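Please look over the structure shown below with its helix packing in mind.

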Amino acid sequence: MNKSVLKEWEVLENKTKNLFQNLQSVPEEKLIKQSAPGTWSPLQVVQHLMIAEELSEKYMRKKLSFNKHVPKAGFKGAARFRAMKIFNWIGFKIKAPSALAVFPDNPHLDELKKSWALQRNSLYQYLESLPDETLQGELFKHILAGKMNARHMVGFFSMHLDRHRKQIERSMKI
């Protein structure tokens, strides 16, 4: 895996470990409680994050199964990523696609942690198996920002986690 993707990956992994460390000390009742009707519980937010990564990997695998050559993300991909960072910074909200908002019954935190670790390992192994030229291609498609490369995808996952971590913290204060 190229160095720029690996660097983003390490940041993402550290943020995820930190999230789980903080949630370990929270009583289970608080983790499964929705702060208001129609909102997600903290564990549902964690599931959402995991599902987003899982579906992104599935998208990449399917895309590359049809064509091993993907166009380089280049300047347009970098501009899309910067725009996404700006929208995230100003607090622009996007309604989650329906596929990212379907949750099985409330799992336990430890089950989610194990499932996400397996998912992350699968994604890591897949990214590691791809040549650098493919990693620089338009592998990832954000619902609004569009197509970006693997480094941008992992950077998005990190921003996504940060954003939802704030949501988790807010929901547990209420």
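Helix α1 (residues 3–24) packs against helix α7 (residues 150–173) at an angle of about 15°, their axes lying 8 Å apart, where axes are lines fitted to C-alpha atoms, for helices over the stretch in contact, and angles run from 0 to 180 degrees between N-to-C directions. The two helices α1 and α7 are therefore roughly parallel to each other, a label for angles under 35 degrees, with over 145 counting as roughly antiparallel, 65 to 115 as roughly perpendicular and the rest as oblique. This is a predicted model, in which local features need pLDDT of at least 70 and side-chain atom pairs count only at pLDDT 80 or more, while totals for chains, interfaces and linings use all residues. Residues are numbered from 1 along each chain as its sequence is written, and side-chain values use heavy atoms, with hydrogens and water left out.

**Contact of α1 with α7**
- The crossing of α1 past α7 is left-handed, meaning that the near helix is turned anticlockwise from the far one by less than a right angle, whereas clockwise would be right-handed.
- On the α1 side the contact (heavy atoms within 4.5 Å) involves residues including V5, W9, L12 and L19, and on the α7 side residues including V154, F157, L161 and I168.
- The residues of this contact between α1 and α7 comprise twelve nonpolar, six polar and five charged, where Ala, Val, Leu, Ile, Met, Phe, Trp, Tyr, Cys and Pro count as nonpolar, Asp, Glu, Lys and Arg as charged, and the others, Gly among them, as polar.

**Contact of α3 with α5**
- The axes of α3 and helix α5 (residues 109–129) come within 10 Å of each other and cross at roughly 25°, which makes α3 roughly parallel to α5.
- α3 passes α5 in a left-handed crossing, and among the residues in contact are L43, M50, E57 and L64 of α3 together with L112, W116, R120 and L127 of α5.
- Sorted by class, the contact of α3 with α5 holds twelve nonpolar, four polar and five charged residues.

**Contact of α4 with α7**
- For α4 and α7 the axes come within 11 Å and cross at roughly 5°, and α4 is thus roughly parallel to α7.
- In α4, the residues G77, A78, F81, M84, K85, F87 and N88 meet H152, G155, F156, M159 and R163 in α7, and by class this contact of α4 with α7 has six nonpolar, four polar and two charged residues.

**The chain as a whole**
- The protein chain has seven helices and two strands, which run α-α-α-α-α-α-β-β-α from the N terminus on; helices (H or I, at least four residues) and strands (E, at least two) are DSSP runs, numbered from the N terminus.
- The C-alpha atoms fill a box of roughly 50 × 30 × 25 Å, taken along the principal axes.
- Among contacts between residues at least 6 apart in sequence, 82% join residues at least 24 apart.

**Two individual residues**
- S56 lies in helix α3 and, at 10% relative accessibility, counts as buried, where buried means under 20% relative accessible area, exposed over 50% and partly exposed in between (1.4 Å probe, protein chains only).
- Leaving aside neighbours within four places in sequence, S56 is in contact with F140, M153 and F157.
- K68 sits in the loop between α3 (42–66) and α4 (74–90) and is exposed, with a relative accessible area of 64%.
- From C-alpha to C-alpha, K68 and V11 are 28 Å apart in space, and they are 57 residues apart in sequence.
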